[in-house]
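Student: I would like a close look at one part of this model, the aromatic ring pairs and what surrounds them. Please keep it brisk.

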Amino acid sequence: VRQRRQRRGPGGGRALLAALLLLLLCVWCRAAAERLRYAIPEELGRGSLVGPLARDLGLSADELPARKLRLSEEKQYFTVNEENGNLYVNERLDREEMCGASVRCSVSFEVLVHNPLNIFHVEVGIEDVNDNSPVFSKAVLDLEIGEWTVPGARFPLEMARDADAGSNSMLTYTLTSNPSFSLSMQEKPGGSKLPELVLERMLDRERQSSFELVLMAVDGGDPARSGTVQVRINVTDANDNPPVFSKNLYQARVSENLPLGSVVLQIRATDADAGSNGRVSYSFGSVLEPVRELFTIDSESGEVRTAGALDFEGQSEYIFGVEARDGGGLTSHCEVQIDITDENDNAPEITILSLSSPVPEDTPVGTVVAVLKVRDRDSGENGEVSCSLSGEAPLSIVASSGGSYKVVTSGALDREQASEQRVTVVARDRGRPALWSSRELVLEVSDVNDNAPVFEEAAYSAYVAENNAAGALVLRVQARDADAGANGRVSYWLAGGSAGAAGAAPLVSVEARSGALYAQRSLDYEQCREFTVAVRAQDGGSPARSSTATVRVFVLDRNDNAPRVLWPAAAAAAAGEVVAVDADAGRNAWLSYELVQASEPALFRVGLHSGEVRTARAVGERDAAKQRLVAVVKDHGQPALSATATLHVVLAESLQEALPELSERPAGAEAAAAAAELQFYLVLALALLSALLVLSVALAVLARLRRA
């Protein structure tokens, strides 16, 4: 706490000024295409500016809302302002927590820009600030020096540890002034210096049996930080040989995931003294706590064994000191370096940075629909990853920079065939044996109005009996649209038609939702025997799509017309045959004749189908001269309809005898006119019957053909 408060003193002001200068002068540059680099000092407060990210990506402030600039880092050390696109610190960054003793420290993440989708790689270097003081592992160092030790003898002291990096961790040492001792520095591999206590003159235990000195370690920061340790020296007798190591540096290379208790290496030191003074014991020197958690040293044999799980990805190298002490208290030190080799023990990790789902089915080939990041914590070939897609979806995967991959469309999408596309991303490293992982991508395909409605039949036929009620159902047409939602919602309309002079438009209507055709009014076979209408099916897309089907409606005859007697007319009741017509068709127009009333029933008969009145026997003298006959004409409808005709017959020997009776009937001119009228109706009736017969046969054949 005291050290933290010192930072806020006069020296702390200089540090803050330096941090601000670094912040204002942080530079960025593109390392390659789509890569940005920034540099900031550690310990910046939340909200501190890192750099103008949007501007460096070539985005203006007006584009930011549509482009949706966002970060993809797993732990949000940074945040981007949605209004100006600047990159800011989101939480305090401690370089020592993030990168440990590593010389280079940086945070890498991806920046996603949408519309169109693109990915940029950003690296923010974390520069060290001298925020850690040198620390000794012990508060007191105890040394025993024999009074017989000659001047110039050297005694290694503990090295201090500074968690900072670079010049901030370069330490220098000072020792409190004492005429019997001085401080010397021994250069070690890697550039570090080991402080050694040098005896300047002979010691006399009887005059002074102990000394207390203070060793101070000062780092190279600005302002500098320091740490101290008390050195207590006990002057002893007779142990004049310290332990001697066979090497100054012991090295070993082991693989990670080594079983606990495995021997890594063995330290060996010898002591020329005899007895307890020559008995050597081993212990760790100045080491950090993580080393003590991972390794143990046998105090008697000097074997260094694993005590915890070694992880190459956590730390690949351990360097620590070992102390050998004899029974008389003399010590010596050596250094141990253990290199951890990588094993392929980490499967690739797949992270989905962005997924554009749903995607329209008319998306062009080559459109980016997903951005992935694949990371393998192993190194070398064990960390080299290749990605592929497994599945039948029209998608492909393309490698990007920085371990990123883009999933793009490789073929046309069709929602009607597959409303979603499932594909598995498989990431496989090059280790032996290879490790792999997979991640399923589910891409929903949204509908586009690319299908017109399709009728179940191209042409429909409907049969409606005449005299139907207005609003009666004629036919129901149905069209299906393979699209979804509004694009597949079908409405029906009349698109025109033909029904001769009658016109089709007022005859039927169609319900927009169901496609049901209803009769607008009662149909009359005698006026309109068939008509056609065109029905259009239209979907709700924009723009709308449509198709047309033809509906042909046949009006079926009903027996709604009774036979009409053309001859004899009411004004000319004398005749030799009955002539009648029926406006209906088919069986409804087939007529039959019979006598229902006669003065002499046995004297006359009428032709069943011709209507001719003939004598059934010879006329006798007893027969009345005037005969009255009533004939009925019936059609073959169900129920049958009929009409009656009355005939007056005069029986005479000659025409002269009948003339007086005939004189009571219409005059000769009137009879001639009646005969002409009768002839006209007969010709008309024959023409109509012939036409009806031909039409009935044609309709029957057509109906059978359509059913077939």
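Student: How many aromatic pairs does the count come to by this rule?

Tutor: The count comes to nine aromatic pairs. Keep in mind that this is a predicted model. Take one pair in detail. Phe78 and Phe109 sit 5.7 Å apart, centre to centre, with 35° between their planes. That makes the pair tilted, because only planes under 30 degrees apart count as stacked and those over 60 as edge-to-face.

Now place the two rings in the chain. Phe78 belongs to strand 4, residues 78-80, and Phe109 to strand 6, residues 106-113, so the pair ties together parts 31 residues apart in sequence.

A second pair can be read in the same terms. The ring centres of Phe455 and Tyr492 are 6.4 Å apart and their planes meet at 55°, so this pair is tilted. Phe455 lies in strand 32 (residues 454-455) and Tyr492 in strand 36 (residues 490-498), so here the parts tied together are 37 residues apart in sequence. Both Phe455 and Tyr492 are buried. Rings also group beyond pairs: Phe284, Phe295, Tyr318 and Phe320 form one aromatic cluster.

Leu93 lies in the loop between strand 5 (87-89) and helix 5 (95-99). The C-alpha atoms of Leu93 and Phe78 are separated by 9.8 Å, and the two residues are 15 apart along the chain. Why does Leu93 count as buried? Its relative accessibility is 2%, and the cut-off for buried is under 20%, so Leu93 qualifies.

Phe155 stands opposite Leu197 in strand 12. Strand 12 covers residues 193-199 and pairs with strand 9 in the antiparallel sense, over three bridges. The sheet is open, has three strands in the order 9-12-11, and its pairing is antiparallel. Its edge strands are strand 9 (154-156) and strand 11 (181-187), each pairing on one side only. From one strand to the next, the twist averages 35°.

Definitions and conventions: Residues numbered from 1 in each chain as written. Predicted model: local features only at pLDDT ≥ 70, side-chain atom pairs only at ≥ 80, totals over all residues. Heavy atoms only, no water. Pairing = 2+ DSSP bridges. Helix = DSSP H or I, 4+ residues; strand = E, 2+ residues; numbered from the N terminus. Axes fitted to C-alpha atoms, helices over the stretch in contact; angles between N-to-C directions. Buried < 20%, exposed > 50% of the residue type's maximum accessible area, 1.4 Å probe, protein only. Phe/Tyr/Trp six-rings, centres within 6.5 Å; stacked < 30°, edge-to-face > 60°.
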